[in-house]
Amino acid sequence: MNKIFEEKRYIEIDDCDLNFNMKISEMIKIAEQTSMHHATKFNLGKAETFDKGFGWIVSRIKLDIKKFPTYGETLTIKTKAFPVLKTLYPRKVYFFNSKKEELVSITMLWHLLDYKNGTLTELPSKENYYVDEEFSLSDFPRSIKIENENFEYVASKVVTYMDMDFNKHLNNIKYIEYSLGKEPSSFNGTSKIKSVIFQFVEQVKENEEIIFLKQKQDNGAIKYIGKKKDKIVFKMEATF
């Protein structure tokens, strides 16, 4: 079986912003969906994980954009999984247009969570679906550095039922939506975001409040953090 999985995806109007460019949150959502489709092909889908008390979670995401996909395009989405690094399951996802040009690449670190024990665990299947390539963690900073506490308020959000995913906490895509989504339309429409690095720190569960903050950097980047009772629950950096 081919260890590089691919599928087609038509970009719907709901995937896009007011300028018909695909939203960053939708890029990550599609990347996660394609990753799950790939895992299912190798007997690592719902029946082998969720139905047996395990769940996939993503702790870190790095998104690099060469060109924004737009409404009406049909993309080829390709993904490959790399050999396991302890409890880390690295994966890359690529978006190509009809001319076979790479538009977006997304690197993710996945984990398999044992719901009963609340601990990270190994795959239930020993079937090898990894490519024969090494993965370097240098793609990710060990931690997004927070140099000072001079952050600007963006928004606050109390987590509701509709915000949660199957892991019963605020879905990681929501962090990105609530951070970038609170910027004015001029920001999202004209700014050329080149990359986004996202780092999950701690769960935010139903009825808990998260405060979204941002800090502009001297190099033009913007750092975002989320706080729950003064404790950082996520970090994100967007570069332009």
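Modeller: Strands (E, at least two residues) and helices (H or I, at least four) are DSSP runs, numbered from the N terminus. The model is predicted, so local features need pLDDT of at least 70 and side-chain atom pairs count only at pLDDT 80 or more, while totals for chains, interfaces and linings use all residues. Residues are numbered from 1 along each chain as its sequence is written, and side-chain values use heavy atoms, with hydrogens and water left out.

Asn207 lies in the loop between strand 8 and strand 9 (209-216). Its phi is near 75°, a positive value in a residue other than glycine. Most residues other than glycine have a negative phi. Asn207 is exposed, at 61% relative accessibility; exposed means over 50% relative accessible area, buried under 20%, and partly exposed in between, with a 1.4 Å probe and protein chains only.

Strand 8 (residues 195-200) includes Phe200. Beyond its neighbours within four places in sequence, Phe200 is in contact (heavy atoms within 4.5 Å) with Val58, Ser59, His169, Tyr175 and Val233. Its C-alpha atom is separated by 23 Å from that of Gly220, 20 residues apart along the chain.

Another loop, between strand 3 (74-81) and strand 4 (89-96), holds Lys86. The phi of Lys86 is near 60°, again a positive value in a residue other than glycine. Lys86 is exposed, with a relative accessible area of 80%.

Finally, Tyr71 belongs to the loop between strand 2 (54-65) and strand 3. Tyr71 counts as partly exposed, at 40% relative accessibility.
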